[in-house]
Amino acid sequence: MEQMKVERFPEDFLWGSASAAYQIEGGYREGGKGMSNWDAFVRIPGKTYKGTTGDLAVDHYHRYLEDIRLMAEMGLKTYRFSIAWTRIYPEGRGEINQQGVDFYTAIIDECLRQHIEPMVTIYHWDLPQALVDAYGGWESPQVIDDFVAYAKTLFRLWGQKVKYWITLNEQNIFTSLGWLTAQHPPGKFDDQKMFYQVNHHAFMAHAKTVLAYREMGGKGNIGASFAYTPSYALDCRPMNAMAKCNYDDLKNYWWMDVYAYGRYPIAAMTYLKKKNIAPVIQDGDMEILKKAASEITFMGVNYYQSCVCEYNPMDGVTPYGEMNTTGVKGTAQVTGIPGIYKNPANPYLLTTDWDWSIDPMGLQFCCREITSRYGLPIVISENGLGAFDKLEADHRIHDDYRIAYLQHHLQALGEAIEEGCRVIAYCTWSFTDLLSWLNGYQKRYGFIYVDRDEEGGTLDRYKKDSYYWYQNVIQTNGESLYKLL
Ligand code: BGP
């Protein structure tokens, strides 16, 4: 709204940055860790860019003290990271692995010592392979109890120290890529019925975890992180406006309505029932989802881009078009659901080298939508730019494009706050460079450049220009965002 102008972010605003265990830790067979679904998946030829793995990643397992020191020097207020389930329970359940517990205790304690609020993601996609072998992992309702038992262990261990908990990272992405497009484990293609069933299991695991946290006396913040891609109708043609409505029900509200209200969107559920792909819901499940919905304290949002919706004829594009994992601009194909919607490119927006649209206002749009629809506080748990960076001879990295990206998104976030959205935290993706699941090491997101590529490297850390820029943003509590670049 034009008359609005934010001068400062709230005093207690959590300026943060994020990571995920598999993408940074390495040490995949160290410290008693068990094998995860990703440890297995990356070994299937052709699944990741140039066959990259997280076996070593950026060696955070051995360098976490150096990394947290860099965070402290920057002035970071919160650090979002995930726990590898396989470090706590190598077999997914049963015996606790003390070395894994010690590793995360050390990280949490070091964060607290440096006045950095730890924000813990319980699950960022690395499922114990033992549970996949035993009963198919997320495909079986058995996973719910194992997940909750694992989460309760984390609450018992660190419930007093950690005040921000994220149950699941991007349930919508790991299930879509896992069961519809075969790009993530378990690599299933077009298994729509199972896709919705798996999602129902994940919702139940999330909900029972939230309730367990409260039953154990947890008074902190808890919620899920959703990969929110807000949509714009292509134009005012009613068919296209309806395509947007369909897209929102099927791709956004399907998850956010369950987290926030404990119910599935009606039109989407009716559609799934007609197609015979609706999930089987046990007696009492909906009550549990509803109860948990009243206990979450925020909606976690991972925001990277917006999309456009247009009517898609019955013989139109499918969800299975090519994704750009190489960084060769223009190689991503248009996708959609025949008869429902498709997502053409937005002619008003620039894109990254991986064909992701760059839309700062989309972040404001997300916050406004969540505020109007759910009235919940918001944690921006990821936002950032994946780009090629160049390490100069003097070890500097001039990533002015990343600074511009983050600056514009933070200005948009400031507007949302000014308009009344309650935003608690903002975490950039990511603190150090790391493994991009499908795109190898060349797609960089960090404030810290890590000297490694697909083949290897020294793993030395170097501060990018964006590191100093964010340091200044934090020091001025956002005021520097309003000075000219
Ligand atoms: C999110 C994930 C992150 C991270 C990020 C960037 O979906 O939660 O783990 O990977 O996207 O995506 P990518 O690595 O594909 O560029």
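1. A crossing of two helices is right-handed if the near helix is turned clockwise from the far one by less than a right angle. Keep that in mind for helices H13 and H14, whose crossing is right-handed. Note also that this is a predicted model.

2. Take the geometry of that pair next. Helix H13 covers residues 360-374, and helix H14 covers residues 400-418. They pack at an angle of about 30 degrees, with their axes 8 Å apart. Angles under 35 degrees count as roughly parallel, and H13 and H14 are therefore roughly parallel to each other.

3. Which residues of H13 and H14 meet? H13 brings Pro360, Met361, Leu363, Gln364 and Cys367. H14 brings His408, His409, Ala412, Leu413, Glu415 and Ala416. Seven residues of this contact are nonpolar, three are polar and one is charged.

4. Now the sheet. Eight strands form a closed barrel with parallel pairing, in the order E1-E2-E3-E4-E5-E7-E11-E12. On average, neighbouring strands are turned by 25 degrees against each other, direction ignored.

5. Look at one pair in the barrel. Strand E4 (residues 164-169) and strand E5 (residues 221-227) pair in the parallel sense, over four bridges. Trp165 has Ile222 in E5 as its bridge partner. H14 packs on the sheet too, where it touches strand E1 (14-18), strand E11 (378-382) and strand E12 (423-429). The direction of H14 makes about 170 degrees with that of E12.

6. Two peptide bonds deserve a check. Most peptide bonds are trans. The bond from Pro185 to Pro186 is cis, with omega near 10 degrees. Pro186 sits in the loop between helix H8 (171-179) and helix H9 (192-215). Trp429 and Ser430 are also joined by a cis peptide bond, with omega about 10 degrees. Ser430 sits in the loop between E12 and strand E13 (448-450).

7. Two phi values deserve a check as well. Most residues other than glycine have a negative phi. Trp125 has a positive phi, near 85 degrees. Trp125 lies in the loop between strand E3 (117-123) and helix H6 (129-135). Asn276 has a positive phi of about 65 degrees, and Asn276 is not a glycine. Asn276 lies in the loop between helix H11 (266-274) and helix H12 (285-293).

8. Is Trp125 buried or exposed? Buried means under 20% relative accessible area. Trp125 has 5%, so Trp125 is buried. Exposed means over 50%. Asn276 has 57% relative accessibility, so Asn276 counts as exposed.

Note on methods: Residues are numbered from 1 along each chain as its sequence is written. This is a predicted model: local features need pLDDT of at least 70, side-chain atom pairs count only at pLDDT 80 or more; totals for chains, interfaces and linings use all residues. Side-chain values use heavy atoms; hydrogens and water are left out. Axes are lines fitted to C-alpha atoms, for helices over the stretch in contact, and angles run from 0 to 180 degrees between N-to-C directions. Helices (H or I, at least four residues) and strands (E, at least two) are DSSP runs, numbered from the N terminus. Angles under 35 degrees count as roughly parallel, over 145 as roughly antiparallel, 65 to 115 as roughly perpendicular and the rest as oblique. Contact means heavy atoms within 4.5 Å. Ala, Val, Leu, Ile, Met, Phe, Trp, Tyr, Cys and Pro count as nonpolar, Asp, Glu, Lys and Arg as charged, and the others, Gly among them, as polar. Two strands pair if DSSP finds at least two bridges between them. Buried means under 20% relative accessible area, exposed over 50%, partly exposed in between (1.4 Å probe, protein chains only).
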